[in-house]
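Here are my notes on the model you sent over. Have it open next to you as you read.

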Amino acid sequence: MPPEVLDDPEARLSSDTLDRFVAMAAEASGDPAFALAFAQQHRSISYHLYFAMAASDTLMDAWSRVERYRHLVSDRLDVRRVPAPEGDVRFSFSVPEPDVGRWIPNDMLVATHVLGARGFTMDPDLAPLRIELRRPRPATIAAFEELFRCPLAFGQEQLVVTWKASDVERPQPLANPTIAMQAEGVVVDYLAKLSDADIPDRLRALLVRDFAGRAPRAGRRGPAPRVELSPRSLARSLAARGTTYRDIVDDVRRTLARDYLRAGASVTEITFLLGSLETSALTRAFRRWTGQTPSAFAAAAKAASRALNPRGRRHSARVGRASCSPA
C-alpha cells in the first residue's frame, strides 16, 4: 500500500488491492465463510453515505442512495432493483469475480447488505425472504444460515436478495431529512472530484448548485463546459451510461422535492427551489414520481415522524440551495 494513500483522507484503494488482501486472509484462515466475518468488521460504505442512509426515511430510500452512489462503494459495483412478485422487493448485485478468492466479493456484498439493513432499522431479527448466491454450495453452510436466517440458493446465475415490501418500506428510527441532505452533499462533492467515469454524479452536483433559479440547459451555457466536455460529448457520455441530461434533471428534482417536503417546505417554496416549474407542474410531476400529491406525501411523512418520535420535537430545516443535495 503506497504510503501516500495512508496520508490522504480522500484516497481510494483499488478494488483489486482489497480483493487480494481479503483473499490472502481467507486462505490463511481456511474458513469458507471468512467473508461473512469480514463483513461484520469492515464497513464498505463511506461514513457520509452511511449517515445519509441511516437518516433516510426507509430502507428503500437508503438503498436507492446506494444505487445512485454505487461508485463511492466500489468502482465495479452494480446494484439495481429488479421485477418481483407483488409484495416483494428484489435487489440484484453484480461485482466482478477476481481470479483469487473468486466468491469473496459476492459474499461480502450480500452480508454487508443484510447487516446494514439490521443496523439502519435497529432490528437484529430482520431477515430477507430469500437469497440467491452465485457461489457453489460450501461443504457446510451453518455460518451462512446463522447470518442470513432465510432460505438460501447456491450456484445461481445472479446474486439476488428478496425482501418483504413491508419490511423495507417501514420508517427508520433515525430518519432525519436535514441530516440526510447534508451528508449526501458531502458525498456528491467527493464524487465530483473523481474521474470522468462518474460524469452523471458530477452533473448532479452541478445541477444542485444551480437549482435556485432555473435548471441550466445542456448546451453551451449549461453544465457541459464545467465537466470539461462539449454538449455533444456530454450527451454521448451519458448515453453510454444509460441515461440522459433530462433523466438526471428529473431525478434530481424528484429527490430534492421529497427531501424538501420531509423537511417541512411548502409546495410554493419547492417550486421556486427546483426552478422552471409551476405549482401545477410540480404536482403533476410529483404524482408521476411517487403516485401521491405533494400534500399527501408531506402528511404521510409527518405522520411517520410523529409515530417514531411521539414525545420528541418535529424535525425542521431551513431550505435553501446551500443545504440541498441530489440523489
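1. A term to start with: contact means heavy atoms within 4.5 Å. Leaving aside neighbours within four places in sequence, threonine 58 is in contact with Val168, Glu169, Arg170, Pro171 and Gln172.

2. Some ground rules. This is a predicted model, where local features need pLDDT of at least 70 and side-chain atom pairs count only at pLDDT 80 or more, while totals for chains, interfaces and linings use all residues. Residues are numbered from 1 along each chain as its sequence is written, and side-chain values use heavy atoms, with hydrogens and water left out.

3. The overall picture: the chain has 16 helices and 5 strands (DSSP runs numbered from the N terminus, H or I of at least four residues for helices, E of at least two for strands). Of its 327 residues, 49% are buried (buried is under 20% relative accessible area, exposed over 50%, partly exposed in between, with a 1.4 Å probe and protein chains only). Among contacts between residues at least 6 apart in sequence, 66% join residues at least 24 apart.

4. Back to threonine 58, in the loop between α4 (47-54) and α5. Buried or exposed? Threonine 58 counts as buried because its relative accessibility is 9%. At the start of α5, a side-chain oxygen of threonine 58 comes to within 3.3 Å of the backbone nitrogen of methionine 60. That is a polar contact (a pair of N or O atoms within 3.5 Å; within protein, one must be able to donate a hydrogen and the other to accept it, and residues adjacent in sequence count only if both atoms are side-chain atoms).

5. On to the cores. A nonpolar core is a set of buried Ala, Val, Leu, Ile, Met, Phe, Trp, Tyr and Cys residues joined through side-chain atoms within 4.5 Å. The largest has 45 residues, and Ile131, Phe148 and Trp163 touch the most other members. Helix α7 (residues 104-121) gives the most to this core, with 6 residues. Apart from it lies another core, of 23 residues, with Leu234, Val249, Val252 and Leu256 among them.

6. Two backbone spots to look at. Methionine 122 is not a glycine, yet has a positive phi of about 55 degrees; its place is the loop between α7 and β3 (130-132). Methionine 122 counts as exposed because its relative accessibility is 52%. Arginine 149 also has a positive phi of about 55 degrees without being a glycine, and sits in the loop between α8 (142-148) and β4 (152-153). With a relative accessible area of 44%, arginine 149 is partly exposed.
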